[in-house]
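Welcome! Take a look at it below, then follow the notes by topic.

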Amino acid sequence: MVCGAEMRLMQVVPDATLEVPGYEHHTLQCSGCNDVERRLVFNRESAARAAEPVSPAAANSSERVAVPSAWKRAVAMFRGRHASPR
């Protein structure tokens, strides 16, 4: 900021307009002049959480369900049988 004072993070809102997960809108307020600034920031932790596969059953409960990987399903289909979940 122009006055050179410290900026305080006031609000973090995930961006819903981009297809790439992990972007957030950070609202910052200057501790000296109370000027407000909004920045688009990439958050690696947020992107990593969004990239984790979650089955519909796990989304409704606190436990995760093992889902076979795409590679395992493709090999099983090639061999003529379905991959069973663990």
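## A quick briefing

Three strands form an open sheet in this predicted model, in the order β1-β2-β3 and with antiparallel pairing. At its edges lie β1 (7-14) and β3 (36-42), each of which pairs on one side only. On average, neighbouring strands of the sheet are turned by 25° against each other, with direction ignored.

**Inside the sheet**

- Strand β2 covers residues 23-30, and seven bridges join β2 to β3 in the antiparallel sense.
- For a place to start looking, find Gln29: the residue opposite Gln29 is Val36, in β3.

**The salt bridge**

- Side chains of opposite charge can pair when their charged atoms come close.
- The structure has one salt bridge, and the partners are Glu37 and Arg39.
- Between these two residues, the closest N and O atoms are 2.4 Å apart.
- How exposed is Glu37? With a relative accessibility of 25%, Glu37 counts as partly exposed.
- Arg39 also has a relative accessibility to look at: the value is 39%, so Arg39 counts as partly exposed.

**Helix α3 and what follows**

- How many of the 10 residues in helix α3 are buried? The count is one, so helix α3 (residues 70-79) is hardly covered, given that buried means under 20% relative accessible area.
- Just after α3 comes Gly80, which takes a positive phi of about 95°.

Definitions and conventions: Residues are numbered from 1 along each chain as its sequence is written. This is a predicted model: local features need pLDDT of at least 70, side-chain atom pairs count only at pLDDT 80 or more; totals for chains, interfaces and linings use all residues. Side-chain values use heavy atoms; hydrogens and water are left out. Buried means under 20% relative accessible area, exposed over 50%, partly exposed in between (1.4 Å probe, protein chains only). Helices (H or I, at least four residues) and strands (E, at least two) are DSSP runs, numbered from the N terminus. A salt bridge is a side-chain nitrogen of Lys or Arg within 4 Å of a carboxyl oxygen of Asp or Glu. Two strands pair if DSSP finds at least two bridges between them. Axes are lines fitted to C-alpha atoms, for helices over the stretch in contact, and angles run from 0 to 180 degrees between N-to-C directions.
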